[in-house]
Amino acid sequence: MNKHTPLLLCYDIRDPKRLQRVHNCVKKVGLALQYSVFYLEMSNADVTQLLNRLSNIIDDSRDDIRLYAISRFEDIALLGASLLADGVQVFTHGQPILKKSP
């Protein structure tokens, strides 16, 4: 069984068409926390595949994609506007990891 690592993927894409393509690619495998910030849980092999797909979309000289491994997601709190609807909880391995209170 592959170990899945919790990750944050953030991007800044300069062209609207590339931005839409990146967004569509990432939303298939991650949870949108903000418009250009996603939470993912992936194996190293899956990360490599995703980064390869994204590298075929972006312009390396103008766009920026960053992937951060995070060790604990349980302590993150959401304040203000969020893409998550009120009362939504996100679970991994049967444990809540993200909650937005109404």
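A crossing of two helices is called left-handed if the near helix is turned anticlockwise from the far one by less than a right angle, and right-handed if clockwise. With that in hand, here are my notes.

1. Ground rules. This is a predicted model, in which local features need pLDDT of at least 70 and side-chain atom pairs count only at pLDDT 80 or more, while totals for chains, interfaces and linings use all residues. Residues are numbered from 1 along each chain as its sequence is written, and side-chain values use heavy atoms, with hydrogens and water left out.

2. The helix pair. By the definition above, H1 and H2 cross in the right-handed sense. Helix H1 (residues 16-27) packs against helix H2 (residues 44-55) at about 165°, and their axes are 10 Å apart. Axes here are lines fitted to C-alpha atoms, for helices over the stretch in contact, and angles run from 0 to 180 degrees between N-to-C directions. Helices (H or I, at least four residues) and strands (E, at least two) are DSSP runs, numbered from the N terminus.

3. Who touches whom? On the H1 side the contact (heavy atoms within 4.5 Å) is made by Val22, Cys25 and Val26, and on the H2 side by Leu50, Arg53 and Leu54. Five of these contact residues are nonpolar, none is polar and one is charged. Nonpolar covers Ala, Val, Leu, Ile, Met, Phe, Trp, Tyr, Cys and Pro; charged covers Asp, Glu, Lys and Arg; the others, Gly among them, are polar.

4. The sheet. Four strands make an open, antiparallel sheet in the order E2-E3-E1-E4. E2 and E4 are the edge strands, each pairing on one side only. Two strands pair if DSSP finds at least two bridges between them.

5. Strand E1 (residues 5-12). Six bridges join E1 to E3 (residues 37-42); Thr5 is partnered by Met42 and Cys10 by Val37. Six bridges also link E1 to E4 (residues 64-69), where Tyr11 has Ile65 as its partner.

6. Strand E3. E2 (residues 31-34) pairs with E3 over three bridges, and the two form a hairpin with two residues between them. Val37 of E3 is the bridge partner of Gln34, and Phe38 that of Ala32. H2 lies across E1, E3 and E4, at about 140° to E3.
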